[in-house]
Amino acid sequence: MTPAPRFDAIDVRAALTAEALLDHYGWRFKRRAGRLRSAACPARADHSRDDAFSMEVATTRWQCFPCSGKGDGFDFVAQLERLDVDVDFPRVLELAAAIGGVTTTINNNQANQNHALQDAS
């Protein structure tokens with residue numbers, strides 16, 4: 001049995017764009033002052049405010065104002081896929097890599113080092 005592909009978290013984070021994330025999940029958004037805005041929320045579906053959700057274009061950092069949810073692109077993927085980013089990080093990374101178009105795999109030692117570096121930052 002072949003091992004599951006491993007991705008470099010740094011490469012995936014660099015390739016993941018706000019537009020790719022929102023497009024992948026079918027979210028409609030408006031661009032305003034370096035941010036993408038939407039009425040949707042990755043954690044809850046009951047927000048009706050037009051600009052409830054905001055995602056920074058340059059960093060994929062997001063925030064939902066009514067429920068105070070926030071995070072980065074990995075957290076966004078985890079929320080929408082109903083995964084725990086800490087427990088299910090390899091799966092979140094795999095999904096984010098697919099969204100970002102990253103196909104390069106790395107060995108397990110390098111993947112573990114990169115995950116440790118991410119946790120330290």
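Me: Which residues in α3 meet which residues in α4?
Reply: Keep in mind that this is a predicted model. On the α3 side you have Phe74, Val77, Ala78 and Glu81, and they meet Phe89, Val92, Leu93, Leu95, Ala96 and Ile99 in α4. Sorted by class, that contact has 9 nonpolar, no polar and 1 charged residues.

Me: Why are α3 and α4 called roughly perpendicular?
Reply: Look at the angle: their axes come within 9 Å and cross at roughly 105 degrees. The label covers 65 to 115 degrees, so α3 and α4 count as roughly perpendicular to each other.

Me: What makes a group of residues a nonpolar core?
Reply: The members have to be buried residues of the listed nonpolar kinds, joined through side-chain atoms within 4.5 Å. Here the largest such core has 25 residues, and Val12, Met55, Phe74 and Phe76 touch the most other members. Two or more residues each come from α1 (9-15), α2 (18-24), β3 (53-56), α3 (73-81) and α4 (89-100). The most come from α4, which gives 7. As a rule, nonpolar side chains in soluble globular proteins tend to be buried together.

Me: Which residues does Val12 touch, leaving out those up to four places away in sequence?
Reply: Val12 touches Phe7, Phe74, Leu93, Ala96, Ala97 and Val102. Two of the names, Leu93 and Ala96, also turn up in the α4 side of the contact with α3.

Me: How do you know that β1 and β2 pair?
Reply: Count the bridges. Pairing takes at least two, and β1 and β2 have 3, in the antiparallel sense, so they qualify.

Me: What makes β1 and β5 the edge strands?
Reply: The open sheet has 5 strands in the order β1-β2-β3-β4-β5, with antiparallel pairing. At its edges, β1 (30-32) and β5 (70-71) each pair on one side only. Packed on this sheet is α3, which touches β3, β4 (62-64) and β5, and its direction makes about 45 degrees with that of β4.

Me: Why is Ser68 called exposed?
Reply: Exposed means over 50% relative accessible area. Ser68 has 52%, so it is exposed. You'll find Ser68 in the loop between β4 and β5, with a positive phi near 65 degrees.

Me: What makes Arg82 count as exposed?
Reply: Same test, with a cut-off of over 50%: Arg82 has 72% relative accessibility, so it counts as exposed. Arg82 lies in the loop between α3 and α4 and has a positive phi near 55 degrees. Most residues other than glycine have a negative phi.

Terms used:
Residues are numbered from 1 along each chain as its sequence is written. This is a predicted model: local features need pLDDT of at least 70, side-chain atom pairs count only at pLDDT 80 or more; totals for chains, interfaces and linings use all residues. Side-chain values use heavy atoms; hydrogens and water are left out. Buried means under 20% relative accessible area, exposed over 50%, partly exposed in between (1.4 Å probe, protein chains only). Helices (H or I, at least four residues) and strands (E, at least two) are DSSP runs, numbered from the N terminus. Contact means heavy atoms within 4.5 Å. Axes are lines fitted to C-alpha atoms, for helices over the stretch in contact, and angles run from 0 to 180 degrees between N-to-C directions. Angles under 35 degrees count as roughly parallel, over 145 as roughly antiparallel, 65 to 115 as roughly perpendicular and the rest as oblique. Ala, Val, Leu, Ile, Met, Phe, Trp, Tyr, Cys and Pro count as nonpolar, Asp, Glu, Lys and Arg as charged, and the others, Gly among them, as polar.
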